[in-house]
Amino acid sequence: MTFIAKSFGVAAIVATSALCAFGAQAEPEQNDGLNGTLWLQTSVEYKTTAMSVYAGATRLLDAAIGDHSWTAALEQDGNYMTKPPAVILDVDETVLDNSAYQAWVVTDKTHYSSKTWAAFVHDMISTPTPGALEFTKAAAARGVEVFYVSNRKAPEEAPTIENLKKYGFPYADEKHVMLRGEVEEWGSNKTPRRAAVAEDYRVIMQFGDNFGDFTDEIDGSISDRLAVMEKYGNYWGERWFMLPNPSYGSWEEAAFGGDWGKSGDERRQDKLNAMTPWAGPTE
């Protein structure tokens, strides 16, 4: 074998090895949040869905304001008809789009933590959810006060307000931004904060991306949650407005009983078990 032939053979082996190595490195790791986050960030399907939710609510504003028996808060007492109108909105994935954080979790091959989430909030780079700014401005223009009830923590109030102000959201102030832990009884369940708004206002609409943004009856199995959904069937699309969020939420933990002590593989298997697949083709 000549020197040239030997050199060609060695070069071919080296090139083949390099290609194999490149292929191995280029194969992305699987991540449960990839498709959901991609959908939130890039799809017109998500954007038009969110816009449609807010557009439908805007069309109902005048009717809700004019009908003094209209209320969207389960916490509303019997003496609410003469109170001024207000709306309650969740913040994350309802008013502000935080998909950049979820994209970082996916691409950095990491997971949610309160430390990194707080850093993200303080960066104040969240953008308006499609339709949210237009709706809140329309409500404010009609004399409806806007409250932002979020499970962001109390130390994150200042950057949350500034992030909302940056885009011109109305009522972005300490009174109307109500975060977890600001008051001792304000825990992760939102009933006490909804009740605080309902003391002085007639709550005509509520918005969220998670079941807990409307009621605290969110725990239990998938079938339990479906029963609660049906229990309040007359509220959806008229008084309660749900924004889609396939990235995270209480829907996920319902599949594995809320047991975050399980390993990732165990939780994933529980999710697979919770689905109802087609039996497949019969031949």
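Reader: Glu 217 first. Buried, exposed or in between?
Author: Partly exposed, because its relative accessibility is 32%. Bear in mind that this is a predicted model.
Reader: Which side chain does Glu 217 meet in a salt bridge?
Author: Lys 231. The N to O distance is 3.2 Å. Lys 231 sits in helix H9 and Glu 217 in the loop between E6 and H9, so the pair ties together parts 14 residues apart in sequence.
Reader: And Lys 231, buried or exposed?
Author: Exposed, since its relative accessibility is 53%.
Reader: What does Glu 145 pair with?
Author: Lys 175, in a salt bridge with the closest N and O atoms 3.9 Å apart. Glu 145 belongs to strand E4 and Lys 175 to the loop between H7 and E5, so this bridge ties together parts 30 residues apart in sequence.
Reader: Why does Glu 145 count as buried?
Author: Because its relative accessibility is 19%, and the cut-off for buried is under 20%.
Reader: How far apart are the closest N and O atoms of Arg 239 and Glu 238?
Author: 2.1 Å, and the two form a salt bridge. Arg 239 counts as buried because it has 16% relative accessibility. Glu 238, at 30%, is therefore partly exposed.
Reader: How many salt bridges does the count come to?
Author: 15. There is also a network of salt bridges that links Asp 32, Glu 252, Asp 265, Arg 268 and Lys 271.
Reader: Which buried residue has no salt bridge?
Author: Asp 209 is one. The nearest side chain of opposite charge is Lys 190, 6.6 Å away. A salt bridge needs the nitrogen within 4 Å of a carboxyl oxygen.
Reader: Where is Asp 209?
Author: In the loop between strand E6, 202–208, and helix H9, 222–231.
Reader: What is Asp 209 in contact with, leaving aside neighbours within four places in sequence?
Author: Its contacts include Asp 90, Asp 92 and Glu 93. Thr 94, Met 242, Leu 243, Asn 245 and Tyr 248 are in contact with Asp 209 too.
Reader: Back to Glu 93. What is its phi?
Author: Near 65°, which is positive in a residue other than glycine. Glu 93 is in the loop between strands E1 and E2. It counts as buried because its relative accessibility is 3%.
Reader: What about phi at Lys 109?
Author: Also positive, about 55°, and Lys 109 is not a glycine. Its loop runs between helices H4 and H5. With 52% relative accessibility, Lys 109 is therefore exposed.
Reader: Switching to Tyr 167. Where is it?
Author: In the loop between helix H7 and strand E5. Tyr 167 is partly exposed because its relative accessibility is 27%. Beyond neighbours within four places in sequence, it is in contact with Ser 126, Thr 127, Pro 128 and Leu 133.
Reader: Now the whole chain. How many helices and strands?
Author: 11 helices and seven strands.
Reader: What is the radius of gyration of the protein chain?
Author: 24 Å, while a compact globule of 283 residues would have one near 19 Å. The C-alpha trace spans about 100 × 50 × 35 Å along its principal axes.
Reader: What share of the residues is buried?
Author: Buried residues make up 41% of the 283.
Reader: Last one. How far apart are the mean positions of the positive and negative charges?
Author: 3 Å, for 25 positive and 41 negative charges.

Conventions. Residues numbered from 1 in each chain as written. Predicted model: local features only at pLDDT ≥ 70, side-chain atom pairs only at ≥ 80, totals over all residues. Heavy atoms only, no water. Helix = DSSP H or I, 4+ residues; strand = E, 2+ residues; numbered from the N terminus. Rg over C-alpha atoms; globule rule 2.2 N^0.38 Å. Buried < 20%, exposed > 50% of the residue type's maximum accessible area, 1.4 Å probe, protein only. Lys, Arg positive; Asp, Glu negative; His and termini not counted. Charge placed at Lys NZ, Arg CZ, Asp CG, Glu CD. Contact = heavy atoms within 4.5 Å.
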